[in-house]
Amino acid sequence: MTESQKWLALAVLILAGVLLYLLAPVLAPFATAAILAYIGNPLVESLARWRLSRTVAVAVVFLALALLGVLLVLVLVPMLERQLVLLAGKLPALLDWLQQQALPWLQTRLGLAEAPDLGALKRYVVEQWQSAGGLAAKMLASMSRSGLALLGWLANLLLVPVVAFYLLRDWQRLLDWLQELLPRRVEPEVVKLVRAVDEVLGAFFRGQLLVMLALGLIYTFGLWLIGLDLALLIGMLAGLVSFVPYLGLIVGVFAAGIAALLQFHELLPLLYVLAVFGVAQLLEGMVLTPWLLGERIGLHPVAVIFAVMAGGQLFGFLGILLALPVAAMVLVLLRYAHRRYLDSRLYSAANRG
């Protein structure tokens, strides 16, 4: 590559970064659609091997996913709604516990001059709870006042499946077009790198989603066994945020511990909560992660946390959405650079010296 070509490539990268930063608010639905298309492509490929046309295979996958989504909505949404109603009924008791026990304990241990008064917050929660839908009415009124924002949100929501459908239908054609654009001299090496990235991303998207779902079910079942009323809500929440290492464990233990104290008024259920999450962590480390993920990703927990925080800070929701896939691709490129360095004359000369 000549000097001018290097400067041109650098200018293109800088321009692409600036455009990505400026267009981040509108790129989120397209990024979501691309991720869904990437996850669904193996299913479409499998159906295409049965001599179905690509369009028919995509339609079958979309229909199956739509039916699964409707089933989840019909089953999970009413259950989660009941859990949220139960949580709302427990909020006054939670605020009382914070005001009378947790805050005085922290005040004593940390030497705080004065603990905050949660009475006003408790009165607000009770008023909204007793008004039988007052909060929901206010939310609806606010949504009606910001009708343009609501229409924009609905448009983005409808845009995701449309874009995902066309991406799935033309997936292989897009890949072939991109491969044709590559300079012939570097094409074999780039294709090799892309395949390595595909392996890592495939392990992340398909494996990590399955791990999150499995952890959510394990947490929910374990908390249900010990009799916790909010088992489904806390278990699924902990499973959902478990893509960040230890975050699901921290959120789950904290939320389930408080819920257990409020429900049972004893310390023994706290041991049961710790046992549930301890068993779940053992299953994740010994069974779920080796079976569903293996060692194909290899991202350090600190790198995962940094990637999510940095992505959110720089690009908002789009950054959070793409943080781990980008981190996985960077990991593949770093491994490639490391291998090239070990094979380079610079490394050999340094060892001889």
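Helices here are DSSP runs of H or I with at least four residues, strands are E runs of at least two, and both are numbered from the N terminus. These legends describe a predicted model, in which local features need pLDDT of at least 70, side-chain atom pairs count only at pLDDT 80 or more, and totals for chains, interfaces and linings use all residues. Residues are numbered from 1 along each chain as its sequence is written, and side-chain values use heavy atoms, with hydrogens and water left out.

View 1. Asn41 sits in helix α1. Because its relative accessibility is 12%, Asn41 counts as buried (buried means under 20% relative accessible area, exposed over 50%, partly exposed in between, with a 1.4 Å probe and protein chains only). Leaving aside residues up to four places away in sequence, Asn41 touches Arg54, Leu168 and Trp171; a contact here means heavy atoms within 4.5 Å.

**View 2. Arg54 in helix α2.** Helix α2 spans residues 54-110, and Arg54 belongs to it. Which residues does Arg54 touch, not counting those up to four places away in sequence? They are Asn41, Val44, Glu45, Leu168, Arg169, Trp171 and Gln172. With Glu45, the side chain of Arg54 forms a salt bridge (3.0 Å, N to O), a term for a side-chain nitrogen of Lys or Arg within 4 Å of a carboxyl oxygen of Asp or Glu. Glu45 has 23% relative accessibility and therefore counts as partly exposed.

View 3. A relative accessible area of 48% makes Leu65 partly exposed.

View 4. Searching the whole structure turns up four salt bridges. One of them joins Glu187 and Arg184 through their side chains (3.6 Å, N to O); Glu187 is buried, with a relative accessible area of 16%. Another links Asp170 to Arg169, with the closest N and O atoms 3.3 Å apart. Asp170 is buried, at a relative accessible area of 15%, while Arg169 counts as partly exposed at 31% relative accessibility. Through shared partners, salt bridges join Arg169, Asp170 and Arg173 into one network.

**View 5. A nonpolar surface patch that includes Tyr21.** Trp7, Leu10, Ile14, Leu15, Val18, Leu19, Tyr21, Leu22, Leu23 and Val26 form this patch, with about 1,000 Å² of accessible area together. Patches are made of residues with over 30% relative accessible area and no salt bridge, joining like charges within 9 Å and nonpolar side chains (Val, Leu, Ile, Met, Phe, Trp, Tyr) within 5 Å. Accessible areas come from the Shrake-Rupley method with a 1.4 Å probe, and for residues only the protein chains shown count as cover. Tyr21 lies in helix α1, residues 3-48, and counts as exposed because its relative accessibility is 51%.

View 6. Helix α9 covers residues 247-264. Its 18 residues reach 25 Å from first C-alpha to last, close to the 26 Å expected at 1.5 Å a residue (the expected span is 1.5 Å times one less than the number of residues). Among the buried residues of α9 are Gly248, Gly252, Ala256 and Leu262. Just after α9, His265 takes a positive phi of about 55°.
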